[in-house]
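Please look through the model below with its charged pairs, one of its chain contacts and its backbone geometry in mind. The paragraphs that follow take these topics in turn.

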Protein chains: 4
Amino acid sequence: MTAHDAPARAASIAPTVGLWFVGARGAIATTATFGLAALASGRAEPIGLVSALPAFAGLGLVPLANLVVGGWEVREGSLAAAAAELVANGILPAHVVEAGAEHARAVDARIVPGTTTRKDAAATPTARARSAATGREQVRALVADLAHFRATTGVARVVVVNVASTEAAVEPPPAARDVAAFERALDDGSELPPSTLYAYAALSAGCAHVNFTPSAGATWPALRAFAKTRGLPIAGDDGKTGETLVKTALAPMFAHRNLRVLTWQGYNMLGNHDGEVLADPAHKSAKLRNKDAALRSILVDSPGLHSHVGIDYVPSLHDWKTAWDFVHFEGFLGTRMSLQFTWVGSDSALAAPLVLDLVRFAELALRDGAVGELAHLACFFKAPLAGGSHDFHVQAAGLLDFAARRSRP
Amino acid sequence: MTAHDAPARAASIAPTVGLWFVGARGAIATTATFGLAALASGRAEPIGLVSALPAFAGLGLVPLANLVVGGWEVREGSLAAAAAELVANGILPAHVVEAGAEHARAVDARIVPGTTTRKDAAATPTARARSAATGREQVRALVADLAHFRATTGVARVVVVNVASTEAAVEPPPAARDVAAFERALDDGSELPPSTLYAYAALSAGCAHVNFTPSAGATWPALRAFAKTRGLPIAGDDGKTGETLVKTALAPMFAHRNLRVLTWQGYNMLGNHDGEVLADPAHKSAKLRNKDAALRSILVDSPGLHSHVGIDYVPSLHDWKTAWDFVHFEGFLGTRMSLQFTWVGSDSALAAPLVLDLVRFAELALRDGAVGELAHLACFFKAPLAGGSHDFHVQAAGLLDFAARRSRP
Amino acid sequence: MTAHDAPARAASIAPTVGLWFVGARGAIATTATFGLAALASGRAEPIGLVSALPAFAGLGLVPLANLVVGGWEVREGSLAAAAAELVANGILPAHVVEAGAEHARAVDARIVPGTTTRKDAAATPTARARSAATGREQVRALVADLAHFRATTGVARVVVVNVASTEAAVEPPPAARDVAAFERALDDGSELPPSTLYAYAALSAGCAHVNFTPSAGATWPALRAFAKTRGLPIAGDDGKTGETLVKTALAPMFAHRNLRVLTWQGYNMLGNHDGEVLADPAHKSAKLRNKDAALRSILVDSPGLHSHVGIDYVPSLHDWKTAWDFVHFEGFLGTRMSLQFTWVGSDSALAAPLVLDLVRFAELALRDGAVGELAHLACFFKAPLAGGSHDFHVQAAGLLDFAARRSRP
Amino acid sequence: MTAHDAPARAASIAPTVGLWFVGARGAIATTATFGLAALASGRAEPIGLVSALPAFAGLGLVPLANLVVGGWEVREGSLAAAAAELVANGILPAHVVEAGAEHARAVDARIVPGTTTRKDAAATPTARARSAATGREQVRALVADLAHFRATTGVARVVVVNVASTEAAVEPPPAARDVAAFERALDDGSELPPSTLYAYAALSAGCAHVNFTPSAGATWPALRAFAKTRGLPIAGDDGKTGETLVKTALAPMFAHRNLRVLTWQGYNMLGNHDGEVLADPAHKSAKLRNKDAALRSILVDSPGLHSHVGIDYVPSLHDWKTAWDFVHFEGFLGTRMSLQFTWVGSDSALAAPLVLDLVRFAELALRDGAVGELAHLACFFKAPLAGGSHDFHVQAAGLLDFAARRSRP
């Protein structure tokens, strides 16, 4: 026996579940979509899927073969074209893309235009025009998209997952404070971050909402409250896939050994579309904040910690995120030592299975009637909505505890 | 308030505790001895001491100022000479050695010749001659050393800690099986590993025994049983100070993310006396076995794992252990990624505070009447005597749990 | 204008040149063969080819499109099968292999069985049986292969290049001493390393001989003398493609700055067939000797240099050689500093273009009537046959000097 | 015989030479000053001194024992205090500082206040007040300092070396254009960079001028022309001590192998006073420009090269500059490979011996009557004043050629 479940078996009579992407033809969604086809057909093992570990076998998670994919996308193109770029850069194997071509065409047919800011509208002509509409009108159209998806596919429940490029960071406006304020802003023509409109629409349509990015999503008090009002679960923010994952796995070691971390410098290089967007300082700041906060919360006993996180756009790397971290620490009698690591990972290959995990866990929450921030999913995020420890091992133990409790008869 | 306790305060009326080293002028013992002086006088903060973390403040551990140091040593020299070498190599600060000179002279007066194998006897003329004596006679002399230490210092309890150079690995002989067999071998002139004689003597004298090395120590069933017969606690084996610590902190991350580790290569370079001894393949094998076993037990879900651990003697590094690890792993859809790290740490500066921690925890166990392998100390060892998970975070949580339970009124 | 020549242009009327591989379906030869097709058709740029640099444009080197490939191979299979493995491991792009399929089939038709040792004969059933034949009979057959290649292709000149797996290192036997002794061994049934038989056959057939491996090849005095007798050029040994290239580019920096290198540790990991062969200590020793000697000759002013070169077989890496080097050095007033590097390179992608370079330079030597070891090709080898500096920059300057002198009207 | 000369021997009757620092109590000057004492007394070997290599033995360079040190400094303090900080950070050995104490006190007595910008005057109260004076008046005072140094020490020749902290980068003003324009600016109260005033004063006083920093120094056409008018040699700019040295030693390897460098990212971390100054973007830009230009000039055949150089201030590192470079390159058939290196070096220990080298070579140039930019010293600088190749090996060969030519009888 291996560590993996058998996703495709005997899934035919179980109800299907909708996976609705924000950013449905981005690298993560494309990888997840083709990956689903490969997993459902048994051509790939579920490596990288947390939910496929034996510990979660008793939860009755939705089989991967029962997921029906659709979503919003503001850029033109097709899943095939997006996949071709990933094949060229060594992320997706050519045979997976070939075998999944038909599946991808079916998904493509369920991808509809998304919304964008007025500023970006010119650059993304295929998106719904924001200038002509209030937030309320946008939301109405987005809700209609979800209703149509439900109606045409017959999915029992829908999880909306934001994997779109990071938005520019903004200070939460007054509209962020409570539901009433947010709804006034929907009506009065205020400019609201697209991620919040998607989140509001998802919750309005009775979907669970997962924010895999550092964008606002359902983070604002207004939207957290709205999720509770609607009796729906939310999870986020910002998938913990690479350097931050390693950081939050390593930093507790220093803390428990009472070694004083003097400096933790992290340099990230990224060359895909996400990297290009992050080259813009406004977009970068949200990401960096989450990366640094996680570290500082673990190393509270290292007073005077000097830390730095950089992200540089390096086109030749494409999706291959390469990060170098340097940790300078002090031990017994002031002796100074160091640890450095280099991480070379495909951002999409790391993120895609976690997105599938989150859909499965969020769908279970929908079935269980769980409401609000799902604390047991903290291990997936750089900035867990429900707060709690950033220590990856504490978070992972939390998910295992949840599974143990939930699996009991 | 900081994360550290105040070792020196109000320790005067509490009973003193003996810390008796096997290898009392080696780099670890020398660092610990001078470090104790610096901590007791408040000239250094207890960085690197686990037992100084707030979580352990309620345990009533013996104050560091109450530790009285002595021990066995087979090589000639003085603590001052050993310290001078450590100062030259940037391990011990010159001011710590100067300030601790008087304290070190007092300890030096309590260091007595140890025992060695017949083979090594010629090379270490100051050691008690093994050729002239049976194991029983050796033990008798060692027990007398401990009795004299108790009598002259008035310490309430004694913890014996093995920090001597790693012995050549041997297959456990028949004498290892049970107490009777071991005692027969003591009498019939069989050659037994010195570390087992030290352990037997320590337990005979009513001391707790901690094995910070991969040598046999109290690992054999015979000695474990003897500890139980004598109603004494033991802990070991092989301090988890550097590369293995990082390994067992990182490997669980791969396991929990269901990433398949294909290869884990670890290259260790070391230039101190321990490195010189490990250059001998027989001595090296014990160390390598522990390093590799820890990894494999965590990565059970990575079938086909290819792993390698090398240790090379690099004189120019002296005590600065430098290790490079390369982890090749497979993620979603077969995508291959890598993590590599370089660890540069002073072996002695990492080990010394852990040795002090172990003495404090073992002394508490003596007071509590704990018997046999102390499972809650697993986080300190590469090959915990009580078995259990090698996952550093699970081990660390185990120690915290112990502290929480023990601290309750 | 770019730094590259246009290999395909106007090559039709020039005479063709034979490139005859020892190991014609190994990873290097396969990469070179498909690469030739891609370069000749203009589908690839000559990146990685030294001979394509502007500095060599005036030499009248044979156009790549004029090379006709054939060779010896002891293993079964086809270039297509060998290429498929390289595609799977990300060395050869799929489109290059598809486009070169016809070219590869033509080359496959010119690949004939090679020779092997008696010991290896059982493992390689397709090889010419050694047990049944003296060296002389083997050589006769090999010479006939070359004659048939010339006759059927009409090539003007032939360069034989050894890219077969490294042979077990042997102490040069008496037969190595001079031509007469070697020829006696050919006749008396002595076991001679296959690489020397190939070299003797190549020279007997009037071909230039290039040894890209650390095997004996034409290294022995007997074969060097034979080349001179035959008036033919030879070059070798052991292609300088990866870690040693970096080493010999970096070490001169320390020498010129008068920094004392204390330690240079090099750890190589390799997963292809070559790595498998090198896992055998006998095969490894030849390689390691060359790697270490190069370093020591550059760092003559670092007395007491401690150096180590390791090679480990890491199957998951396939052709992706990954090396970590650690350099510990001493500067002003004894200050100790370090440089470490990690090299991740495809062995075949690095070697293949150099092999094509060597064929072009060796063919020019044949035309020029150059005899014996070609000193100006030192920059291509770990152990240059003509000796001289191992400093890569001195070697590279030597090749540029040759080009400048040779290009003059 | 070793690679080193014997600086102290038989130097007593030879004339003495003045080494006059700009920034005489900075880390570099302090290290050089104490190092001189150690070398002159034979307590240290001349490791790290290029001029001590056998190749330069025939040049008749001034013995190190004949150098008499003085200089300008704008900060308060003493060499002893500066050295204590370097001892604490493991740069200078304690015994070197103790043994050199008397020598340092004598040098301290020859250190006089320097000049600074109006903006910095408040922060450096010990500097000569700029606000009260024109450039001309400043220069007059500086020239008087040099005259007094000559008169009181009897040195035959003086070399002025700028090792002060990097100035804020400025666009060359009109005053930079020619001597007349510069001298007008001296008189009309214009603010000129202190480094140019020091350079003008040095040349006015008949000294050679070496600029080891990226500050303006004698870079401007006005000052280069002035050097020629005065018949004096100059050398600079910006000492090539660490990451750039490695870069310019490695980059030629890629160029000669016709490997296309796609990306070269360099991350530098530095914690000493220089790092603090460079944390200011204006000061940083000069340094980064030199680092990047060197790389680009070597990799001209890598069109589309993406490069980045970052410098971050990391206080815990003090003088230990730690740099990580990542090189992503393309080889045969588009295969992408990488090289990364980590450099850990003491900035002062690397720079100090080169400064002594430059004084010796510049003094020889003074004796030889060499005028203007000294092209043979290019290997010492990131931005050689005389231009030419940035390839370290070409530069090093240039210095060896000079030595060979100059040494001939």
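In chain C, the side chains of Arg224(C) and Glu373(C) meet in a salt bridge with an N to O distance of 3.1 Å, where a salt bridge is a side-chain nitrogen of Lys or Arg within 4 Å of a carboxyl oxygen of Asp or Glu. This pair links distant parts of the chain, with Arg224(C) in helix H9 (residues 221-230) of chain C and Glu373(C) in strand E11 (residues 372-373) of chain C, 149 residues apart; helices (H or I, at least four residues) and strands (E, at least two) are DSSP runs, numbered from the N terminus. Arg224(C) counts as partly exposed at 22% relative accessibility, on a scale where buried means under 20% relative accessible area, exposed over 50%, and partly exposed in between (1.4 Å probe, protein chains only).

The model is predicted, so local features need pLDDT of at least 70 and side-chain atom pairs count only at pLDDT 80 or more, whereas totals for chains, interfaces and linings use all residues. Residues are numbered from 1 along each chain as its sequence is written, chains are lettered from A and ligands numbered from 1 in the order in which they are written, and side-chain values use heavy atoms, with hydrogens and water left out.

Side chains of opposite charge can pair when their charged atoms come close. A search of the whole structure finds 44 salt bridges over all chains. One of them joins Arg136(C) to Asp187(C), with the closest N and O atoms 2.9 Å apart. Because Arg136(C) lies in helix H6 (residues 135-153) of chain C and Asp187(C) in helix H7 (residues 179-187) of chain C, the pair ties together parts that are 51 residues apart in sequence. Both ends are partly exposed, Arg136(C) at 22% relative accessibility and Asp187(C) with a relative accessible area of 46%.

In chain D, Asp187(D) forms a salt bridge with Arg136(D), and the closest N and O atoms are 2.9 Å apart. Here Asp187(D) belongs to helix H7 (residues 179-187) of chain D and Arg136(D) to helix H6 (residues 135-153) of chain D, so that distant parts of the chain, 51 residues apart, are linked. Asp187(D) counts as partly exposed, at 44% relative accessibility. The contact (heavy atoms within 4.5 Å) takes 21 residues from chain C and 21 residues from chain B. The area buried between chain C and chain B, that is, the accessible area (1.4 Å probe) that two parts lose on being put together, summed over both, is about 1,700 Å², and carbon and sulfur atoms give 63% of it. On the side of chain C, Tyr267(C), Ser316(C) and Trp324(C) lose the most area to chain B, together 30% of what that side buries.

Which charged or polar pairs cross the interface of chain C and chain B? The rule finds 0 salt bridges there, but it does find 12 residue pairs in polar contact, both residues being at pLDDT 80 or more. A polar contact is a pair of N or O atoms within 3.5 Å; within protein, one must be able to donate a hydrogen and the other to accept it, and residues adjacent in sequence count only if both atoms are side-chain atoms. Strand E7 (260-270), strand E8 (306-313), strand E9 (320-330) and strand E10 (336-346) of chain C each supply at least two residues of the side of chain C that touches chain B, and E7(C) gives the most, with 5 residues.

Of the 409 residues of chain A, 62% count as buried. Among contacts in chain A between residues at least 6 apart in sequence, 78% join residues at least 24 apart.

The backbone deserves a closing look. Most residues other than glycine have a negative phi, and most peptide bonds are trans. The peptide bond from Gly236(A) to Asp237(A), however, is cis, with omega near -10°, and Asp237(A) is placed in the loop between strand E6 (233-236) and helix H10 (243-256) of chain A. In chain B, the peptide bond from Gly236(B) to Asp237(B) is cis, with omega near -10°. Asp238(B), in the loop between E6 and H10 of chain B, has a positive phi of about 75° although it is not a glycine, and it is buried, with a relative accessible area of 0%. Asn258(B) has a positive phi of about 60° although it is not a glycine; this residue is found in the loop between H10 and strand E7 (260-270) of chain B and is buried, with a relative accessible area of 4%.
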